[in-house]
Amino acid sequence: MGCGQSSNRSNQPSTELIKVSVKRKEESTRSSKKEKRDPIPSPDRQSPQLKGIESPLTSLPLLSFFLTSTHHSTREIYITLLSYCTIFHSTISILFVLSAIKSAILIQKWYRRCIARLEARRRASWNIFTALEYAGEQDQLKLYDFFSDVIGTMLEQETDNQRVASPIRRALTTYNEASADSDAVMTILSDTQPENFPVEKTYKGPHLKLPLTRTHIGELIEAFKLNKILHVKYVLLILHEARKILKTLPNIIHHNTSYSSQVTVCGDLHGKFDDLTIILYKNGYPSATNPYIFNGDFVDRGGQSIEVLLILLCFVVLDPKSITLNRGNHEDHIMNLRYGFVKELMAKYKDKSSSLIKMIEEIFAWLPMASIIDEEIFVVHGGISDKTELEFLKAIDRHKYVSILRPPVKDKKGVDMEEWKLVLDLLWSDPKPNRGCWPNVFRGGGCYFGADITAQFIEKNGFRLLVRSHECKFEGYEYCHNDMVLTIFSASNYYEVGSNRGAYVKFIGKEKTPHLVQYMASKTHRKLSSSQRLSIVEESALKDLKEKLASHHSQLIEIFTEKDPMKSGEVSIGDWADIVFTVTKLQLPWRTLAPKLALMNGDGTRVKYNANLVSVQLGGTRDKDVVEELYRHKNTLESLFRFMDKDNSGQVSMAEFIDAIEVLSKYTKRALPTQYIAQIAESIDFNKDGYIDLNELLEAFRIVDQGRINNNIV
């Protein structure tokens with residue numbers, strides 16, 4: 001009765017309704033099966049359930065939306081609700097369903113907009129991180145191109161009886177000679193013998209002895225989880241044993257999975273020890289039945305680079321056939337000077353760090369350059385170029401490349417430029433969707449290679465897949481070039497907590513079916529919502545970008561002022577974006593970022609460029625141009641200092657400091673006044689002993705947000 005039916009039919013309708021419901025359910029089931037074959041019915045070809053039905057619902061735009069929805073559940077909900085209203089012919093029911101459907105659509109639209117905004121913010125943050133990262137790598141490569149010119153000039157101008165007076169030139173000469181001299185290698189091996197470093201009675205860390213066992217490695221992993229530092233004697237013991245094994249390996253390792261029926265490939269770890277432990281926990285230790293390929297970049301950026309490297313080398317010593325360590329572009333002393341590994345070793349091993357650094361350089365020089373799995377899958381850190389020839393690469397002497405970035409010396413013992421570029425391409429190149437092969441200007445080294453280059457390389461060598469690393473990916477992996485290239489990146493939270501997942505790939509069976517495993521090594525990300533995690537990442541990215549803008553503060557203000565003849569303190573958002581791009585050379589969505597980096601006017605069309613003054617200060621120096629120039633090349637300056645600091649004391653003399661600044665001015669092609677350099681040096685020499693502490697220099701720079709200060713005062 002409540003459904004509008006007459007009371008004298010109270011017994012019969014219940015049976016009829018059940019029959020109708022069952023019939024409609026059967027029809028709905030048949031319709032659903034049909035929809036699997038034809039998932040999106042056109043509006044003019046309605047489903048059987050709708051034929052002959054007169055309902056307000058059928059005339060609404062909702063009908064088209066629900067029937068063309070890609071989600072089967074959405075269409076089924078609509079058909080079920082429509083059938084319900086048709087059976088009971090209730091105006092109240094129809095209005096109720098209309099209201100429910102409208103609410104569902106509003107919620108769906110809101111959700112999609114929310115997801116779209118989050119994705120836009122994530123991509124913007126990601127672009128900021130990658131742009132700043134690659135700009136730093138580009139600076140590093142430019143610096144060592146400059147070093148190449150310096151060495152070339154030295155060789156042309158100096159005679160055998162002349163001594164190199166400049167500290168930086170003396171350091172370059174020493175480094176160049178040491179890397180090419182076999183006697184220098186013998187000296188390193190002699191000076192780093194483990195017995196030269198007795199274990200103190202106060203040492204409470206793990207103890208190791210040969211032969212290594214899985215138990216030793218397990219204990220070592222547990223000690224590293226507790227942030228314990230392995231004694232330098234045991235570190236050198238591992239390094240020497242690993243070097244003996246690595247020396248015997250070819251440049252390109254061939255893997256056969258006929259026995260194991262599987263192989264696991266891991267990408268960049270970058271000192272992320274938590275990621276390594278997750279991989280070993282999920283996938284097991286390397287063994288004859290569970291072989292691994294770690295595809296380079298074990299060190300730098302992360303805080304436990306030496307721990308990651310030691311565990312991997314322990315597995316090499318334990319069973320060399322179960323694990324392969326390909327060389328990455330960060331297995332390079334020059335990169336380690338800038339990106340944290342050398343600094344980490346100095347902090348953990350103090351005066352013993354010099355011996356470790358030299359021995360680790362030797363280890364890196366003996367790492368293989370690539371691997372091949374069952375003659376089907378090519379594994380290399382960076383990529384390829386149109387000139388990559390495997391037979392040629394197999395024949396080169398890889399050990400002479402102590403640094404892949406090492407400037408080729410123009411004498412009889414110099415590096416073959418063609419050979420050097422081929423090795424550089426393997427470790428530094430990136431795939432791109434465009435066709436062809438061209439210089440990698442974004443990083444500054446290696447090349448970009450297109451899908452056609454990949455297809456040619458794979459067809460020529462009989463491969464079916466190229467696996468590489470070298471690039472951080474949001475999901476930890478990414479296919480490209482028609483699924484012929486797979487990028488694997490194993491360092492989660494690379495830019496910031498929650499910024500990306502890590503992943504590894506396991507090729508299983510005779511078909512080498514790829515099985516991808518993702519993870520995120522963080523104790524906090526599960527407690528935060530996706531929006532909260534994104535906010536943390538976004539805040540970190542914007543902070544780094546503001547520091548970049550601060551290093552160009554004076555130049556930006558000068559150009560903004562020229563664009564503002566009325567001295568209103570404002571420029572259009574278009575002019576602001578163009579000027580910032582021209583000065584920073586960073587290809588970012590500056591118009592979108594403007595409201596987050598600067599204060600806007602009321603309608604959001606103009607930027608108040610004087611409102612938020614973010615600037616750099618260094619000691620008592622008043623010349624902003626000099627300070628900003630030094631801050632802009634702070635990492636380059638650090639590389640120069642660490643390059644000259646051969647005893648790794650962390651200190652440089654006043655003469656070395658001034659010489660480094662002079663070299664920097666030649667590198668940047670901008671003269672820096674000597675009086676200001678001397679003033680800076682004196683202000684940084686806090687204890688007035690004539691030496692400058694490198695860490696104090698780097699920490700002496702201060703980013704001052706004048707806008708925030710003014711707000712706090714108010």
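1. Strand S5 (residues 370–373) and strand S6 pair in the antiparallel sense over four bridges; two strands count as paired if DSSP finds at least two bridges between them, and strands (E, at least two residues) and helices (H or I, at least four) are DSSP runs numbered from the N terminus. This is a predicted model, in which local features need pLDDT of at least 70 and side-chain atom pairs count only at pLDDT 80 or more, while totals for chains, interfaces and linings use all residues. Residues are numbered from 1 along each chain as its sequence is written, and side-chain values use heavy atoms, with hydrogens and water left out.

2. Ile373 has Ile377 in S6 as its bridge partner. The two strands S5 and S6 form a hairpin with three residues between them, and Asp374 in the turn has a positive phi of about 50 degrees.

3. S6 also pairs with strand S10 (residues 465–468), here in the parallel sense over three bridges, and Val379 has Val467 in S10 as its bridge partner.

4. Which residues cover the two faces of S6 (residues 377–380)? Ile377 and Val379 lie on one side and Phe378 and Val380 on the other, and all are buried, that is, under 20% relative accessible area, where exposed means over 50% and partly exposed lies in between (1.4 Å probe, protein chains only). In a regular strand the side chains alternate between the two faces of the sheet.

5. Among the buried residues of H17 are Leu534, Val537 and Leu545.

6. Ile107, found in helix H4 (residues 91–157), is exposed, with a relative accessible area of 56%.
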